[in-house]
Amino acid sequence: MNTNRTTTVTCPNCGRGNRIPVAAEGRPVCGHCKQPLPWIVDAGDDDFAEVADNATQPVVVDLWATWCGPCRMVSPALEHVARDLAGRIKLVKVDVDKTPRLSQRFEVQAVPTLLVLDQGETVARQAGAAPADVLRSWVEQAIAGRHTTAGG
């Protein structure tokens with residue numbers, strides 16, 4: 001587990017690059033304009049708990065595979081949703097072929113599989129690709145009712 005790992009995110013508001021940690025408390029903001037940043041990171045078996053389970057905001061998990069065509073279609077849509085909901089969610093991308101323990105934990109039988117987690121607990125689940133507007137509605141419904149069972 002590398003607690004010091006960072007990723008670079010371009011601020012959608014001012015265009016400046018920002019280096020943000022993959023795991024941290026709170027929500028990242030642009031160092032220049034102070035607007036919320038989309039928090040998009042990769043995680044694996046060794047750091048998922050730190051990156052996703054311990055997050056203080058809702059986490060959208062994209063369980064995908066490099067060989068999966070629908071995964072390549074849904075990835076930009078999810079990144080669009082993460083930009084639209086900057087400061088409200090964290091998007092964590094997980095390559096199922098490199099993460100057997102996470103694939104087993106979340107009982108992945110098809111990719112892409114999308115989850116919304118609240119403090120490590122699944123509150124919504126969806127298999128398959130969808131357009132950005134559908135994914136955004138799904139995420140917003142899940143985070144609005146995250147203390148109840150959601151999804152399908």
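The legends below describe several views of one protein chain, taken from a predicted model.

**View 1**
Read along the sequence, the elements of the protein chain follow the pattern β-β-β-α-β-α-β-α-β-β-α. The radius of gyration is 14 Å, close to the 15 Å that the globule rule gives for 152 residues, so the chain is as compact as a globular protein of that length. Taken along the principal axes, the C-alpha atoms fill a box of roughly 40 × 35 × 30 Å, and buried residues make up 47% of the 152 residues. Among the contacts with a separation of 6 or more, 61% are between residues 24 or more positions apart.

**View 2. The aromatic pair of F48 and F106.**
A pair of aromatic rings is described by the distance of the centres and the angle of the planes. For F48 and F106 the centres are 5.7 Å apart and the planes are at 70° to each other, an arrangement that is edge-to-face. The pair links distant parts of the chain, since F48 belongs to helix 1 (residues 48-53), while F106 lies in the loop between helix 3 (100-105) and strand 6 (113-118), 58 residues apart. Both F48 and F106 are buried.

**View 3. K90 over the ring of W39.**
In this view K90 lies over the face of W39, at a distance of 4.0 Å from the ring centre.

**View 4. The disulfide between C68 and C71.**
A disulfide is a covalent bond between the sulfur atoms of two cysteines. A search of the whole structure finds one disulfide, which joins C68 to C71 with an S to S distance of 2.5 Å. The torsion about this S-S bond is about 80°, so the disulfide is right-handed. Both C68 and C71 are buried.

**View 5. The cysteines C11 and C33, whose sulfurs are 3.6 Å apart.**
C33 is accordingly in no disulfide. C11 is buried, with a relative accessible area of 2%.

**View 6. Confidence along the chain, and residues 148-152.**
The mean pLDDT of the protein chain is 92, and 93% of its residues reach 70 or more. Strand 4 (residues 59-64) has the highest confidence, at 98, and strand 1 (residues 6-10) the lowest, at a mean of 92. Over residues 148-152 pLDDT stays under 50, and for these residues the model has 11 contacts beyond four places in sequence. Where pLDDT is low, the predicted coordinates should not be read in detail.

Methods. Residues are numbered from 1 along each chain as its sequence is written. This is a predicted model: local features need pLDDT of at least 70, side-chain atom pairs count only at pLDDT 80 or more; totals for chains, interfaces and linings use all residues. Side-chain values use heavy atoms; hydrogens and water are left out. Rings of Phe, Tyr and Trp (its six-membered ring) pair if their centres lie within 6.5 Å; planes under 30 degrees apart count as stacked, over 60 as edge-to-face and the rest as tilted. Helices (H or I, at least four residues) and strands (E, at least two) are DSSP runs, numbered from the N terminus. Buried means under 20% relative accessible area, exposed over 50%, partly exposed in between (1.4 Å probe, protein chains only). A charge sits over a ring if NZ of Lys or CZ of Arg is within 6 Å of the ring centre and within 35 degrees of the ring normal. pLDDT is the predictor's confidence in each residue, from 0 to 100. Contact means heavy atoms within 4.5 Å. A disulfide is a pair of cysteine sulfur atoms within 2.5 Å. The radius of gyration is taken over C-alpha atoms; the globule rule is 2.2 Å times the number of residues to the power 0.38.
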